[in-house]
Amino acid sequence: MSEPETPAPESAPAPEGRAGSAAHWAQLAGAAAWSDDFRTIKLRVPRERWVEAHRALKEHLPFFSWLSAIDWSTEVAVGDPVEGEPVEERYEVLTRLADVSVGEAVLVSTDLPRDDLRLDSLADVYGGADWHEREAADMFGITFTGHPNPVKIYLPDGFEGHPLRKSYPLLSREVKPWPGAVEVKPLPAAGGEGQAGPEPGGEGGEA
Amino acid sequence: MTGDERALRAMARSEVAVSVELQTQEMTLNIGPQHPSTHGVLRLVATVAGERVQKLEPVVGYMHRGYEKLAEVRTYTQITALINRIDWISGFANEVPFVVAAERLMGIEAPPRAQFIRLILSELFRISNHLVFLCSFPAELGAPTPLMYAMRERERLMDLIEGVTGGRFHPNFNRLGGVRPAAGGGAQQRKRSQDLPAGFITGAHRAMAAVRGVCDDLENLVLGNEIVQRRTVGVGVLPAARAVEYGVSGPNLRASGVAFDLRKVDDYLPYHLFDFDVVVGQNGDAYDRARVRLEEIRQAVRIVEQALDSLPPGPLQAKVPRVIKVPRGECYVRAENPKGEMGYHIVSGGGRRPYRVKIRSASFSNLSVLPWLLEGALIPDIIAILGSLDFVLGDVDR
């Protein structure tokens, strides 16, 4: 996580923050920290309080939008690693909850260590979590304890591996190199501005 | 009247009577993966007793293309070509939340004219999507005639879209910071920013008038049709609380009586400038889901007409660096797509490719309520309920 996380004030008086603000939601959920960057509120809760935090938020944010995960890893088989300071190795599980009246919404997130990918299922709290958890189990290998129907949703039976893990290679790239392998087109020579240059924001870079 | 009473009434009206004295044996009925009503490749495994569904398990994943993984190995400018294939009926609308999220992370904003063009095209795709629904849904119920009416007017919209973007289904028209100059314009046109082809505005006005006409036709042909009413009224009732908890969004949610529309509460496009109503249903049955979509076409026509009349002049593209790098950060942007909430959670590691993109597609959540909705339903109603949810498997599997 690059953004600085604001620690939640401990045992703050009841009306903390304007209703709908990050601080307000963090207090409701009992979140350990929160961030509010790019107009996306994210509450960080410990994994022990995962179900409890969702139960507390459900009354105000009844809409279950999605659940997914991020594999934070310094070594990646495909794509680019995170630039700048290295990330802490872990899996982050995220849910998005929203209301259906004024447009309030939050992300709730928790961290799982690499050697213990278990998390309590939310299927009892939000019925909609069922399929999303099955998807995250397929793609990241996370075990949702207490899930009512823990079978594969996308992957065929007997499929090995978890495709969205950063260690999982993109097989098509292994078989056939990407044709646009040239990384960045050289900038056109000074004065040659005009027809030759790629359209701004368009096909710049690999095509 | 509650949903249960409505279901009982529908049952009483139903032609099919299940005798309690007859012993029925449970059997498994397999529907799909290849079936015209599955809008792609969906398999349903139903356990039935007589004419009633005891339990139904949708089997998805036949169309999984791994877009979230592919997005990790493509640059931001390449990803729009992938993601307009998610819900192929409304291709352009899939691109909008992605580019808006990336723009927010980069701290840029598309100029007003580009935003208006995005909005007009999104609404044209909404009309097109709902017209496809209003022709395929009756066809699945056994009435092929409305298909001709709806498709004829949809073709006008497709021509308009093709005139602007160069593509009918996969426009790939958005750029980070704006929209692409119109197809075939070349470098000269880029400079003059002659974005919309000549005659687009008058053509669009004419198409909107035609769409209004076909809405009236479809209202009589489909919603006024007694057979359609008997097949859909009181069938597949989805209570609002259940819909919300499952993340059912868009017209399906509004049909259950929840007046929630992201165009009213979010600002990913300047919808606040236009007058339009949020259409809600009362009963949350298959009939309401069809009626809400018909009314939404009329509202979308209103939006397009206002936007055409107030289209601001100006550039189409904000200033962006030649090589696009997105600063480290996370952003989720959602949009009211024709099928419901579509959103992208972009996690940028600071490079030219996103570190992770979570694609939230409407149909996945909309379909996840299906096992609940079909429990206890009659076999002939499976297709009516399934069709009324308006999903596309590309949008389920991504």
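User: Which way do strand S3 and strand S6 of chain A run, parallel or antiparallel, and how many bridges join them?

Analyst: One thing before I answer: this is a predicted model. Strand S3 (residues 40–44) of chain A and S6(A) run parallel, joined by three bridges. Within that pairing, A:Lys42 stands opposite A:Leu107 in S6(A).

User: And how does strand S5 of chain A pair with S6(A)?

Analyst: Strand S5 (residues 90–98) of chain A pairs with S6(A) in the antiparallel sense, over eight bridges. Here A:Val93 is the residue opposite A:Thr110 in S6(A). S5(A) and S6(A) make a hairpin with six residues between the strands. In that hairpin, A:Gly103 takes a positive phi near 95°.

User: Why is S6(A) described as largely enclosed?

Analyst: Strand S6 (residues 105–112) of chain A has eight residues and six of them are buried, so the rest of the structure largely encloses it.

User: What about helix H1 of chain A, which of its residues are buried?

Analyst: In helix H1 (residues 22–29) of chain A, the buried residues are A:Ala22, A:Trp25, A:Ala26, A:Gln27 and A:Ala29. Their cover includes strand S2 (33–37), S3, helix H2 (50–58) and S6 of chain A. After H1(A) comes A:Gly30, with a positive phi near 65°.

User: Let's switch to the two chains together. How many residues does each chain put into the contact?

Analyst: Chain A gives 48 residues and chain B gives 51 residues. On the side of chain A that touches chain B, strand S4 (63–72) and helix H3 (129–140) of chain A each supply at least two residues. S4(A) has the largest share of that side, six residues.

User: What kinds of residues make up that side of chain A?

Analyst: The residues of chain A that touch chain B are 23 nonpolar, 15 polar and 10 charged.

User: On to chain B. What order do the strands of the open sheet S6-S7-S8 follow, and what is the pairing, parallel or antiparallel?

Analyst: The order in chain B is S6-S7-S8, three strands in an open sheet with antiparallel pairing. Strand S6 (329–337) and strand S8 (354–360) of chain B stand at the edges with a single partner strand each, so each has one side without a neighbour in the sheet. On average, neighbouring strands of this sheet are turned by 15° against each other, direction ignored.

User: How many bridges join S6(B) to S7(B)?

Analyst: Nine bridges join S6(B) to strand S7 (residues 340–348) of chain B. B:Ala335, for instance, stands opposite B:Met342 in S7(B).

User: Which helix packs on that sheet?

Analyst: Helix H4 (residues 91–106) of chain B does, touching S6 and S7 of chain B. The direction of H4(B) makes about 150° with that of S6(B).

User: At what angle do H4(B) and H5(B) pack?

Analyst: H4(B) and H5(B) pack at about 140°, with their axes 8 Å apart. That angle makes H4(B) oblique to H5(B), and their crossing is left-handed. B:Gly91, B:Phe92, B:Ala93 and B:Val96 in H4(B) meet B:Arg118, B:Leu121, B:Ser122, B:Phe125 and B:Arg126 in H5(B). By class, this contact has five nonpolar, two polar and two charged residues.

User: Where does H5(B) sit relative to H6(B), I mean how do their axes cross?

Analyst: The axes of helix H5 (residues 112–141) and helix H6 (residues 145–165) of chain B come within 9 Å and cross at roughly 160°. That makes H5(B) roughly antiparallel to H6(B). H5(B) passes H6(B) in a left-handed crossing. Residues in this contact include B:Leu124 and B:Leu131 from H5(B) and B:Leu157 and B:Ile161 from H6(B). The contact has 18 nonpolar, one polar and two charged residues.

User: Last one: how do the axes of H6(B) and H8(B) cross?

Analyst: The axes of H6(B) and helix H8 (residues 200–223) of chain B come within 10 Å and cross at roughly 165°. H6(B) and H8(B) are therefore roughly antiparallel to each other, with a left-handed crossing. Among the residues that meet are B:Tyr149 and B:Leu160 in H6(B) and B:Ala207 and B:Val214 in H8(B). The residues of this contact divide into 15 nonpolar, three polar and three charged.

Key:
Residues numbered from 1 in each chain as written. Chains lettered and ligands numbered in written order. Predicted model: local features only at pLDDT ≥ 70, side-chain atom pairs only at ≥ 80, totals over all residues. Contact = placed C-beta atoms within 7 Å. Helix = DSSP H or I, 4+ residues; strand = E, 2+ residues; numbered from the N terminus. Nonpolar A, V, L, I, M, F, W, Y, C, P; charged D, E, K, R; others polar. Pairing = 2+ DSSP bridges. Axes fitted to C-alpha atoms, helices over the stretch in contact; angles between N-to-C directions. Parallel < 35°, antiparallel > 145°, perpendicular 65-115°, else oblique. Left-handed = near helix turned anticlockwise from the far one by under 90°. Buried ≥ 20, exposed ≤ 12 C-beta atoms within 10 Å, placed from the backbone.
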